[in-house]
Amino acid sequence: MDNNLKIYNSDASLYAFKFNKFNRIKDIVKIFFLCKIDNPKVLELGCANGRDAKEILKRTDNYLGVDGAEKLLDIAKIENPNANFILSDFRDLKFDPNSFDIVIDFDSLFHFDKDDLKEMISHIYEWLNPGGLFMMDAKFGAYQKVVNHEQSDKIQYLYQPKDILELSEGKFELIHEEIIDRFDKKWFTIILKKDN
Ligand SMILES: C[S@@+](CC[C@H](N)C(=O)[O-])C[C@H]1O[C@@H](n2cnc3c(N)ncnc32)[C@H](O)[C@@H]1O
C-alpha cells in the first residue's frame, strides 16, 4: 500500500477531525454554477471522511467518492449512508470514457509526482463528458517534493497552475484560477474544462 495511504488510514479519526475544521462550500457552489447541468455526475477524488460529499449531495444525486484510506471511508459511509463510495488507490481506478460531468480533487492529487499526476490528468480527461469540468486544489509553489517528517514521512508535491496545464498537454481550457493564503501557506484552485 502507498505510504501516504497507510498514514491517513492509521490516524483516520485525527485526520477527519482536522479536515472538518475547514469546508469547501464556496468551491462546490462555484463548480455547480459553472457546470449548468441538472443533477450532474460527480466524481470526488480523495473524499476522505465525506465532509464534502455532504455538500455535493445537496446538489446532485449522482455522486461517487473515492479514497484509498479505508478507515476514512468508513467514517464517510457513516456520515453519508446513501452515497456511493469506492475504496481504491487512484492509480487503480477504471471508468468508461465520458462517465462524469464534474471531477473534484481537493488536496489529494498533490500527493502525486509529475509522472503519476500526468497520467491521472489524462484519465480524468477521458472520464469527463465533453464540456466536463475538473476542479483541482493544491499547495502552491515551485515544483518540489515535500516530506513531512512529523507525519511518518507523508509526501506531497508543490505545484503551480501552469504545471497542471503543462501536464494536461493542452487538452483542457483553464476557466478559473485563484491563488489564496490558507493556514499560513499559499494554495491554488483551478477549474479546467474539457472541450465540447
Ligand atoms: C489531504 S487529504 C484531503 C481530504 C479532503 N479532500 C479534504 O480536502 O479535506 C488527502 C486524501 O487523499 C487520499 N489519498 C491520497 N493519496 C491517495 C491515493 N493514491 N489513492 C486514493 N486516495 C488517496 C487520502 O486518503 C486522503 O483522504
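Now widen the selection to strand 8 and strand 9 (residues 185-194), which pair in the antiparallel sense over 10 bridges; strands here are DSSP runs of E of at least two residues, helices are runs of H or I of at least four, both numbered from the N terminus, and two strands count as paired if DSSP finds at least two bridges between them. This is a predicted model, in which local features need pLDDT of at least 70 and side-chain atom pairs count only at pLDDT 80 or more, while totals for chains, interfaces and linings use all residues. Residues are numbered from 1 along each chain as its sequence is written.

Next, select Lys139, which stands opposite Trp187 in strand 9. Strand 5 and strand 9 pair in the antiparallel sense over 7 bridges.

Move on to strand 4 and strand 5, which run parallel and are joined by 6 bridges; Phe106 has Asp137, in strand 5, as its bridge partner.

Now show the whole sheet, which is open and has 7 strands in the order 3-2-1-4-5-9-8, with mixed pairing. Strand 3 (84-87) and strand 8 (172-182) stand at the edges with a single partner strand each, so one side of each is left without a neighbour in the sheet. From one strand to the next the twist averages 15°, where axes are lines fitted to C-alpha atoms, for helices over the stretch in contact, and angles run from 0 to 180 degrees between N-to-C directions.

For a helix on this sheet, select helix 5 (residues 70-79), which lies across strand 2 (63-67) and strand 3 and runs at about 170° to strand 3; contact requires C-beta atoms, placed from the backbone, to lie within 7 Å. Helix 6 (residues 114-127) also packs on the sheet, touching strand 1, strand 4, strand 5, strand 8 and strand 9, and its direction makes about 145° with that of strand 5.

Finally, select the 17 residues around the ligand, of which Gly46, Ala48, Gly68, Ala69 and Ser108 come nearest; a residue is counted if its C-beta atom, placed from the backbone, lies within 6 Å. Helix 1 (residues 3-10) gives the largest share of this shell, 3 residues.

Notes
Two residues are in contact if their C-beta atoms, placed from the backbone, lie within 7 Å.
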